[in-house]
Amino acid sequence: MPPHPSLPLGQPVLCAQHLCKRYEMGEVVVDALRDVSLDLHAGELLVLLGASGSGKSTLLNILGGLDVASSGSLHFRDRCLSSASTHELTQYRRDHVGFVFQFYNLISSLTARENVALVTDIARSPMRPEDALALVGLEARMNHFPAQLSGGEQQRVAIARAIAKRPQILLCDEPTGALDARTGRLVLGVLEQVNRETGTSTAIITHNAAIGAIGDSVVRMSSGEIVERVRNPARMAVEHIEW
Amino acid sequence: MVSRAVPFAARLRLLVLHRKLLRECWHMKGQLLSIALVVATGIMTVVTMRGSYEALVDAQQRYYNQMRFADVWSSLRRAPDAVLEQIERIPGVALADVRVSLLATLDLEGVDAPAQGRFVSLPETGRPVLNDLLLTRGRLVAPGAPDEVVISEKFALARGLQPGDTLRAIINGRARTLEVVGMAISPEHSYAVPPGSLLPEDERYGILWMGRRALGPAYDMDGAFNEAFVKLAPGANELEVIARLNEVLAPYGGFGAYPRRDQASHMMLQGELDQNRVMGTAMPAIFLGVAVFLLHLVLGRLITTQRGEIAVLKAFGYRDWEVGRHFLQFAVLAVLLGAAIGTVGGWYLGGAYIGIYRQYFDLPGLEYRLSPALLLLALGVSVAGACSGALGAVRKAVALPPAEAMRPEPPARFEPGPFERLGLGRLLPSAGRMILRNVERKPLQAFFSSLGVAFSTAILIIGLFMYDGVLHMIDLQFRQIQREDITVSFLQNVSGAARHELARLEGVTRVETYRIAPARLRHGHYSRETAIQGMEPDGELRRIVTAGGRVQRLPAEGLVLSRILAERLHVQVGDVLSVEMLEGRRQTTSAPVVGIIDDFLGVSAYMALPALHRLSGEEDVISGAYLGVISAQQQTLYRELKQVPAVAGVASPVSMLASFEREMASNIFISVGFLVGFASVIAVGVIYNGARIALSERGRELASLRVMGFHRREVAVLLLGEQGLVTLFAIPLGGVIGYALAWLMVSSLQTDTFRIPYVITAQTFLSAALVTVLAAALSALAVRRRLDSMDLISVLKTRE
C-alpha cells in the first residue's frame, strides 16, 4: 500500500491549553500533567508516545471527558469542557467520543453485532451495526459472542463499536497492547483506514515508538510534559512498521 | 523440610493469613453483615421461639404437677358424695376428686351488665386432691366460714379487688355479701372464658373458691357433687376410664367425661405451644437455608476473584487444607457474628415474648431462660449449614493447580438461551438481552435467588393471613351470625313462656329464644359429647352462616353439624345419628343429619327448637334468649336484668367485638413489625449480595459503558435489571409458597375451639409484595451508590 500524504491541518476539534493534573495521595503529590497544550484537528491521526507513567493516559482521559484537569482549559469546538458537570461530560462522551481500550472491554453476554448495537441504540445518527462491523472486516462474525472471537477480532469489534456512532473523536488507549505483532498491525490498519474513510479525528496512545510513523503528527511525552512534537510529511503504511 | 521445631514460623504464617481474612471481611463488610443478619435472624427465631417453647412447656409441666391437674373431667347434675368411692375403684384411676361448681350472678359496683362468677368448692380441711389452686395473695377460706371467698387473680386485678374487700353475689336467688380473703390462680382457669363468650372477659367473669360447706347448701348440693375428676394411673387406658366414668355417672345426670386435651384452658395453651413448636422449627430452617445459599454465592465469588492469590499461596507451599480453611473462616466468621447478634436479640426478644404469654396465661415460674444446649444446637446447625454452603466453592479453589490458577479466568461463555431460541429475543433491546442472558447463564443461581426472595414474600403472607383469617372469622361471627344486641342466659332451663316476659321489658324490640342441650351423638363406633343448640327456625338475630357467607335455613327436622364434628363422627348428609340426651329425661333417640356447614368457632350441632323438644321429649324449655334492643335503653335494660334471679349472664357481642379488636390492634403492630423485619432481612440479603456479586463480575463491562457515554441510570438498569427480574419472578413464587404454607397452617391448626379460615385478601398479597419490592429496591439502591461512585479509569486500567 503506498504511503498516504499527511492531510493539511483542518480546524481544531479539541483544543487543550496549559493543562495540569495533580494527584494528591496522602502526603505524596504527583504531577501527572504539567502545562500541556495540544490541538487535535479535524481528520487528524495523532499518535501519543511515551513510557509508562509519562502522563499520556492521563491526558487521554482528560481529552475524553473521563477526568478533569486541575488547571488549564479544554475546548471541544467552542464548548468549554474544563468546567462541565459529570452529566455534561457523559453527554459529551455519548455524542462525540469513541473509545478503544487495551483490553477491548466487550460485553461478554452480547454478540459482536449487539455490542455495537448497544452504542448505536443511544446515538443520534449512528451507522447500522452491520456497516460498522463490515468496516472492520467482521461482517461474517457478527453473531459470535466475545468468548468465541480471537483477541484481534475482539479489538476490531471494539473499534466498530467506537466508530458506529460516527464520533468526531476516536481515542485509543494502547489498542495493540494485548496483541501480537501480526494482529496488532491488522488492528492499526483498521484504525488508519477508519480515520481515512470517516475523517474521524483519532488519537492513539502507545509506548511503541514505531507506531508513531503511521500518524499525521506524533507527540512524545515524558514526566507529564510534552517533550517533542513532530509532523510527519507522510503517513507510513501500517504493514511497513517495524514492531 | 519444615519440622515441628519451627512453630513460630507457622504461627506467623497463620497470623498473616488471618490478617488477610480480616481485611477482606472489612472490605466486604456489607455482604458479610447481610449474611450475618440472615444467620442472626435464624438463630434469633430458634432462641426466641424454641426457647420460649421450652420455657412454656417446662412451666406448664411443673405447674400441672404441682396443682395435680386432672387427666379426665366430667360434670353432672348431682351425685351423692358416696359415688366418689365408685369412681376411685375404676381400674386405671390413680386419684379421684369431686366438688361443687356453679355459675352465679355477681353484682359489681360500676358495672351495669350482670357479671358472672364461677363458684368452685374447696374441701373444708386440707387441699383439693386434684385441681388445686395456687394462692398468690392472702389466705385460703377458714373452715366453716360461710362468706369467705378466694378469687381468681385476673378478675381481682381487672376489678381492683384485694383481700379484705367485699363483693355481692346472687346465689340461688339470694343476695349475699362475700369477703375476699385471698387471690389465686389455677391451671384449669388460666384462660377463663365466660359461658356464651369466645374470649376471656376478666372484668365481668371471675372464679370464686368457697368452702364446701358454705357452697353446698346453696344449690342443694349438701353431701353431693356436680363435678368429678380423675388422675390416671401410669399406663391406664384413657378411653376405657372415660367410658367407665360415664357409666358410673350416667344415673346422676353425667354430661359426659372428656380428656384433658379437651379442657378449655389446656387446649388454648397447648394450641399456642403447638403453633410455637411449628414456627420455631420452620422459621429457622428457612433462614438457615437462605444463609447457606448466600454463603455459597459470596464465597464462590470471593474465591473466583482470588484465583491468583490462591495460586501464589499454593506456590509458596501452603497446603490445600490451609487454603481451604482460610476461606471457610469467612463463613465461620459470618456465622459467629450472626450468632452473637442473634443470641443477644433472641434473648431480649424471648423475654418480651414470654412477657406476652404471661399476660394471657398465668403460669407460675414462667421465666425465659436461654438454655446453653439450645444455643449450641442453633450454633452447630448454622456453622454446619454455612460450611456446607461454602464447601463447594472452597473445594473448587483448592482443586485448582497453581499454574492454572495464576492465569486469569477465561471470559464467560454465553449463548442465546431458550427464550431467544424461540425467536422472542428480537423483541428485546440489547440491554434486555444482556439481562436475560445473565439470568439464563446461571439459571440455578437465579432460581435460588428467586426462591430466597420468595420466602420473604411467603413469610409476610403467612403472617398477615392470620389476621385476614381472624378478621374474617370475627366479621362472620359478630356481624353475620350474632346479630343480637344482648344474649341472655338463664341459670337453668326455664319455661318458654319467659319469652313473653322478656318481650315486655322496656327497649326490647325482638326476642328469639334458644336452648342448649348437652347430648352424646353416636354414629357407628364414633361418638362425641356436645351441646345441641336449639334455635328458632326463622331467627333473624341469630343465624347459621357458612364459611362462604351463605345463610343456612334450619330445616324443621334433623341436625345441622359443623364440618369438623361431621368429620369426627364420620357422617354425611343423610346419615342418621343416635342422640343420647344428657339432661332432662336423658332419652336416646335418633336424628338425621340434614346439613353440614363450614364454620370456624366451636363444634356445633344445630336443630330447630320444636324438633329439639320432640327429640328430648320435653315441653317448651329454653336456656336463654337473644334480644334486639333499642341502643339508648341498653344500660337500663342491663340494670333491670341484673335484678332477675333466673338470669345468669348477659353478654353483648358488640362489647366482645370491641375488646377483641382492641387486642388485635395492639398485637398486630408488634407481630407485623417483626415479620416485616424478618422478611426484609432475607430480601436484602439475597438482592444486595446478588447485586454486589454482579457488580464485581461485570464492573469492568459497566465501567466501559459509562466511558462510552452511558448515563449512570442506564448502567444501573443493566446491573440491577437482573435483580429486578429475580424479584419479579420471586413475588408470584412467594405467593404460591405463601398460599401453600398458609394452607398447611390452616389444616394443621384445626382445633375444636377454632379453625383459621383460609382467607388471604388481595391486600395481604399486595402488602407482602410491596414489602419485598421495597426491601429489594433499597438493597439495589445501596449497590447503585457503589456503582455511581465507581472510578472509571482505575476499573478500566486493571485486567480483572
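**A first look at chains A and B**

Five bridges tie strand S4 (residues 45-50) of chain A to S9(A), and the two run parallel. This is a predicted model: local features need pLDDT of at least 70, side-chain atom pairs count only at pLDDT 80 or more, and totals for chains, interfaces and linings use all residues. Residues are numbered from 1 along each chain as its sequence is written, while chains are lettered from A and ligands numbered from 1 in the order in which they are written.

**The sheet in chain A**

- S4(A) and S9(A) belong to an open sheet of six strands, in the order S7-S8-S9-S4-S10-S11 (chain A), with mixed pairing.
- At the edges sit S7 and S11 of chain A, each pairing on one side only.
- On average, neighbouring strands here are turned by 15° against each other, direction ignored.
- Two strands count as paired if DSSP finds at least two bridges between them. Helices (H or I, at least four residues) and strands (E, at least two) are DSSP runs, numbered from the N terminus.
- In general, strands of a sheet pair through backbone hydrogen bonds, either parallel or antiparallel.
- S7(A) and S8(A) are parallel and joined by four bridges; there, A:Phe99 has A:Leu171 in S8(A) as its bridge partner.

**Strand S9 of chain A**

- Strand S8 (residues 169-173) of chain A also pairs with S9(A), in the parallel sense over five bridges.
- A:Ile205 in S9(A) is the bridge partner of A:Asp173, and A:Ile204 in S9(A) has A:Val47 opposite.
- Strand S9 (residues 201-206) of chain A is largely enclosed by the rest of the structure, because six of its six residues are buried. Buried means 20 or more other C-beta atoms within 10 Å of a residue's own, exposed means 12 or fewer, and partly exposed is in between, with C-beta atoms placed from the backbone.
- A:Ser201, A:Ala203 and A:Ile205 point one way from S9(A), and A:Thr202, A:Ile204 and A:Thr206 point the other way.
- S8(A), helix H6 (residues 181-198) of chain A and S9(A) make up a right-handed β-α-β unit. Right-handed means that, with the strands pointing away from the viewer, the path from the first strand over the helix to the second runs clockwise.
- H6(A) lies across S4, S8 and S9 of chain A and runs at about 160° to S9(A). Axes are lines fitted to C-alpha atoms, for helices over the stretch in contact, and angles run from 0 to 180 degrees between N-to-C directions.

**Two loop residues with positive phi**

- Most residues other than glycine have a negative phi.
- A:Tyr104, in the loop between strand S7 (97-100) and H3 of chain A, has phi near 60°. A:Tyr104 is buried, with 24 other C-beta atoms within 10 Å.
- A:Ser223, in the loop between strand S10 (217-222) and strand S11 (225-231) of chain A, has phi near 50°. A:Ser223 has 14 C-beta neighbours inside 10 Å, so it counts as partly exposed.

**Where chains A and B touch**

- Chain A gives 24 residues to the contact and chain B gives 23 residues. Contact means C-beta atoms, placed from the backbone, within 7 Å.
- On the chain A side, the elements giving two or more residues are helix H2 (86-96) and helix H3 (112-120) of chain A.

**Domains of chain B**

- Chain B splits into domain 1 (1-69 + 275-409), domain 2 (70-263), domain 3 (426-481 + 655-800) and domain 4 (486-651); the bounds come from an automatic or database domain assignment.
- Between domain 1 of chain B and domain 2 of chain B, the C-alpha centres are 52 Å apart.

How values were computed: Two residues are in contact if their C-beta atoms, placed from the backbone, lie within 7 Å.
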